Amino acid sequence: MLRMNQVDSHAAFRRRLIPSPERPLQLAVIVPVLNEAANITPLIAQLERALTNLVWEIVVVDDNSPDGTADVARDRGVIDPRVRIVQRVGRRGLSSAVVEGMLATSAPVLAVMDGDLQHDEAILPKMYEIVARGGYDLAIGTRYAGEGSTGNWSASRARISNFATKLSKRLLKADVSDPMSGFFMIRRTPMMAALPHLSTIGFKILMDLVASSPRPLRIAEVPYTFRERLHGDSKFDLKAAQEFGVLLLDKLVGHLVPVRLLLFALVGASGVLVHLAVLGSCLWSGASFRAAQIAAVVVAMTGNFLINNLITFRDRRLRGMRFWRGLLTFYAVGAIGAVANVGIGTVVYRLDGIWWLGGLAGVAVGLVWNYAASSALTWRKS
């Protein structure tokens, strides 16, 4: 049994942790995670040491990690009211996870850091002073200014990061040394102002926030040294690079045309090359134009489905049986466009005998229909 002084000590500890009118919540640390079960407990311990003078909470946003990350955070939350868990099932993405975590807390100041222990939690108090009392909207942990460092990065990773950083700085048009940083702190007011304009694409939410703000943000930077990962695997891969490119595209032209429509059109343009290649090959082998056009339509449609499923509708990506049903649906919704494609292409070819012109005419007819129908039916939101 616990002694009375132990009970009193535990009660005092709980009172210190739980926000109250005398000690309101000051800071929420948003930590998006995927397969970071081994890092959650050490991360909380590091935050406890760094944030002793603040009333804070950690919001762990887990994309249903198979390694039990959510269970580790939830078990800790049972005994520590500062630990909260948002477990997302059926959807993934670092940027959208950060936004959900920010909206799940009432804290007036929001920090974002990775769950892999590579960000230096020791600079969080300084970042808080800058944002909460220093007149700045945003404090960024930077690897590229002052005494900041990328640590023991390989030469190839450093080159990739430098290239992406230069692209981001051109887009943001802001005096920021590390726009690709995943370690920052922002006041809630400017975050909420940027919220309606966020793309929530990919893994670089900082760049999205700065580019989406309706007014220039007052930004400060705090140097830190990027640490090596101790447990788990890096989440940077080809998909992350792809989503970074999509985010850049969205911020460049998203105000003129929806980026999904633009991607669909670009995929369609690549399909034109496939279409013409198949059409030309079939005609060269002696097939009639009608037969060649049908073959070209089928091959191009299949290729377009695969690429759109991988890139354009990556957030609604079809897998398993849904993939095959989606493919059949894509064929079905494209049937009207395909009939028009073949019919109009044949008419144009018969008029002037130019095979590639007939092919292009047929492709153009089905483009708008295919996008509208496939968006509503093939990759419909669940």
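Q: Two strands pair if DSSP finds at least two bridges between them, so which residue in β7 stands opposite Gly141?
A: Val222 does. This is a predicted model, where local features need pLDDT of at least 70, side-chain atom pairs count only at pLDDT 80 or more, and totals for chains, interfaces and linings use all residues. Residues are numbered from 1 along each chain as its sequence is written, and side-chain values use heavy atoms, with hydrogens and water left out.

Q: How many bridges join β5 to β7?
A: Five, and β5 and β7 (residues 219-223) run parallel. Strands are DSSP E runs of at least two residues, helices H or I runs of at least four, numbered from the N terminus.

Q: And how does β6 run against β5?
A: Antiparallel: three bridges join β5 to β6 (residues 184-187). Ala139 has Met185 as its bridge partner there.

Q: Is β5 mostly covered or exposed?
A: Mostly covered, with five of five residues in 138-142 buried (under 20% relative accessible area, 1.4 Å probe, protein chains only). Leu138, Ile140 and Thr142 point one way, while Ala139 and Gly141 point the other.

Q: Switching topic: at what angle do α11 and α12 cross?
A: Roughly 130 degrees, and the axes of α11 (residues 289-312) and α12 (residues 321-333) come within 10 Å. Axes are fitted to C-alpha atoms over the stretch in contact, with angles of 0 to 180 degrees between N-to-C directions.

Q: Who makes the contact?
A: On α11, Met301, Thr302, Asn304, Phe305, Leu306 and Asn309; on α12, Phe323, Gly326, Leu327, Phe330 and Tyr331 (contact means heavy atoms within 4.5 Å).

How values were computed. Buried means under 20% relative accessible area, exposed over 50%, partly exposed in between (1.4 Å probe, protein chains only). Two strands pair if DSSP finds at least two bridges between them.
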